[in-house]
Amino acid sequence: MKGVGIGVACVAMAVWAAACGSGEDAADADGGGATGAQPTPEKRIESFYYEYGSEEMGYYTYSIMPQKDKDTVLVTLSSRTDPDKEAEREVPSALIDDLDKLIADNKLEAWDGFEESADGSVEGYSFQLTISYENGESIAASGYEAYPEDKDTYQGKHDAILALLDKGMQAAATATPAP
């Protein structure tokens, strides 16, 4: 499992709250509500993949794919180590807008190209993030006991993305279909 990003433990997905602040913190800092860069129509997310974990805590993967001809995205949570946590939900496509904003507010594009592994580490935490855009651009980053920013900043951004994805999954799970 050593060398995530070089031979990643699975496939590819996303992370995010300190120096550049979470979207909430940035908005509250100036007292003005939602701020930060807004996604442009020509730079919409086509796919999103984020894997993270370790042998000790387990590995989890979120993937998001917009559904053609629908106003929804398919969010999938899978786990190589805990099949009971697996889920797949159709979520309103507004989740993509929220994700775009979170990516911009947390400056995740700066992570593009990060691919590092801690020397001598045989067991540890790894992550892989891949975001593809409709215009052909992408963001790809991975690390094995290595982070594109300091560990606390990484952890804050990681927590923010999981909170957003979990909120979307929960909303879809509890939504009642219209009669």
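Predicted model: local features only at pLDDT ≥ 70, side-chain atom pairs only at ≥ 80, totals over all residues.
Student: Which residue of β7 is the bridge partner of Q128?
Tutor: Strand β6, covering residues 126-133, runs antiparallel to β7 and is joined to it by seven bridges, and the two strands form a hairpin with four residues between them. Within β7, which spans residues 138-144, the bridge partner of Q128 is S142.

Student: Which residue of β7 is the bridge partner of S117?
Tutor: Strand β5, made of residues 115-117, pairs with β7 in the parallel sense over three bridges. In that strand, five of whose seven residues are buried, S117 has as its bridge partner Y144.

Student: How far apart are the end C-alpha atoms of helix α2?
Tutor: Helix α2 covers residues 94-105, and its 12 residues, at 1.5 Å a residue, should span 16 Å. The expected span takes one less than the number of residues.

Student: Is the ring pair of Y125 and Y154 stacked, tilted or edge-to-face?
Tutor: The count of aromatic pairs comes to nine. For Y125 and Y154 the ring centres lie 5.9 Å apart and the planes meet at 70°, and since planes over 60 degrees apart fall in this class, the pair is edge-to-face.

Student: Which parts of the chain does the pair of Y125 and Y154 tie together?
Tutor: Both Y125 and Y154 are buried, and they belong to one aromatic cluster that also includes W111, F114, F127 and Y147. The two residues are 29 apart in sequence, so their pair ties together the loop between β5 and β6 and helix α3.

Technical notes. Residues numbered from 1 in each chain as written. Heavy atoms only, no water. Buried < 20%, exposed > 50% of the residue type's maximum accessible area, 1.4 Å probe, protein only. Pairing = 2+ DSSP bridges. Phe/Tyr/Trp six-rings, centres within 6.5 Å; stacked < 30°, edge-to-face > 60°.
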